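Please examine the sequence and the structure before reading the solutions.

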Amino acid sequence: MQIELTPQQIEQQTYFKTFVEEYVIPQAKLHDQQQHTPPELIQRLAQQGYLGAIIPKEYGGGEMEAITFGLLCEQIGRASASLLSLLTVHGMVCQSIMRWGSAEQKQQWLPKLASGEIIGGFGLTEPNIGSDAKSVESVAIAHDDHYQLTGHKKWISFGQVADLFLIIAQCDNKPTAFLVERKTAGFSTKPINNLLGFRSAMLAELIIDNCMIQKQNLVGRIGFGFSHIAGTALDHGRYCVAWGCVGLAQACLEASLHYTKDRKQFGTFLSNHQLIQHIIADMIVQIKAARLLCYQAGCLKNSGDPALIMETSIAKYFASQMVSKIADNAVQIHGANGCSDEYPVQRYLRDAKIMEIIEGSSQMQQIIIAKYGYQSFLREMRKNH
Ligand SMILES: Cc1cc2nc3c(=O)[nH]c(=O)nc-3n(C[C@H](O)[C@H](O)[C@H](O)COP(=O)(O)OP(=O)(O)OC[C@H]3O[C@@H](n4cnc5c(N)ncnc54)[C@H](O)[C@@H]3O)c2cc1C
């Protein structure tokens, strides 16, 4: 079996590379320092069709197949992990509406999300509830013609600017998903600044104070919020993050190759020291392994194979651990320069750590993967006896 990109995928990959090198990489440091992503850059992503990449053509999207979309995430991740998180959370809202939304919801929201007229945000985490996401404390009370929603969400990527939020709240004590517009009376946001990484991802807290939500803004059914809607959203999120980690690790590798060819110690370039070569070799191998896991998840996504959910978790788990280690080594290779903001590797390290926490932490992925391992083992045992 040989895994090869098609000529179209290679062409798209080159195009994505050119795009990020022209428009994202040169500004990534400034945006990180300013803790801000300018609306012009978001609009540029929209004009390129990247915000609507996964949306079907009938709703104005690009209907991009999974590997090409992965290649896009890889390149955006290579340029700016914060910007990748825009693609991620916006896509999580799109994917949830595509999979679970009513015909009216698709007609109403997908064309606007595809064109970038509106930006999507994903509101699951709360001050008291993170990994145990099905236990969110936000509450929706059903009335005759609307839901009354009250809650507090935290750590919401692009929450400062998103227009439409997918919010998970308890309705009849069951996790349930709602579409909530920023302009809803009682809805407000509070910026979160000075995070370790993802500094230009414009995170916010969402304060939902007795918001009246129209009945037609319920997504799926009551009780579907965690098992179905958040599940679909998080699967998409993990896919984006896994590819983004490969891109970020590639940026660490490129910076390290460049630096070690430039810097001399003990009368020779760092690249000539065997211990440095050892680190570089491990980086190359680890990135390759993560990229292959991403290809595998992408192929399964394209064929609609249900195994894709587990393979995506495995890819996210491996790739996020991998990038954390590689970014750590990239700073090590740069020595004191690596700790300074004159070089990008300190940003890479800060962003890499976040990858192990978002879209289900490494520990949550381990729990999912181990459970699957035991289930498969028991199935095999039963088959053989
Ligand atoms: C930059 C950034 C962007 C984010 N964007 C969003 C967003 O857009 N939308 C959103 O809804 N959320 C977002 N989040 C929140 C993120 O999804 C949560 O941080 C994540 O789910 C972990 O939850 P927590 O931080 O509350 O940690 P906790 O759940 O409190 O966990 C703390 C630690 O304990 C571990 N742990 C928890 N339970 C177990 C267990 N059973 N066994 C072993 N270990 C366990 C965890 O792995 C973690 O290491 C974002 C977070 C960050 C940092």
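Two exercises with worked solutions follow. The model is predicted: local features need pLDDT of at least 70, side-chain atom pairs count only at pLDDT 80 or more, and totals for chains, interfaces and linings use all residues. Residues are numbered from 1 along each chain as its sequence is written.

**Exercise 1.** Determine how the axes of helix α6 and helix α8 are arranged.

*Solution.* Step one: locate the helices, which are DSSP runs of H or I with at least four residues, whereas strands are runs of E with at least two, numbered from the N terminus. Helix α6 spans residues 225–260 and helix α8 residues 308–338. Step two: their axes, lines fitted to C-alpha atoms over the stretch in contact, come within 8 Å and cross at roughly 25 degrees; angles run from 0 to 180 degrees between N-to-C directions. Step three: angles under 35 degrees count as roughly parallel, and α6 and α8 are therefore roughly parallel to each other.

**Exercise 2.** Describe the shell around the ligand and state where the ligand lies.

*Solution.* Step one: 20 residues surround the ligand, each with its C-beta atom, placed from the backbone, within 6 Å. The closest are Leu 124, Gly 130, Ser 131, Ser 361 and Gln 363. Step two: β1 (120–123), β3 (146–156) and α10 (362–384) each supply at least two residues of this shell. Step three: domain 2 (120–221) and domain 3 (226–374), with bounds from an automatic or database domain assignment, both give residues to the shell, so the ligand lies between them.

Technical notes:
Angles under 35 degrees count as roughly parallel, over 145 as roughly antiparallel, 65 to 115 as roughly perpendicular and the rest as oblique.
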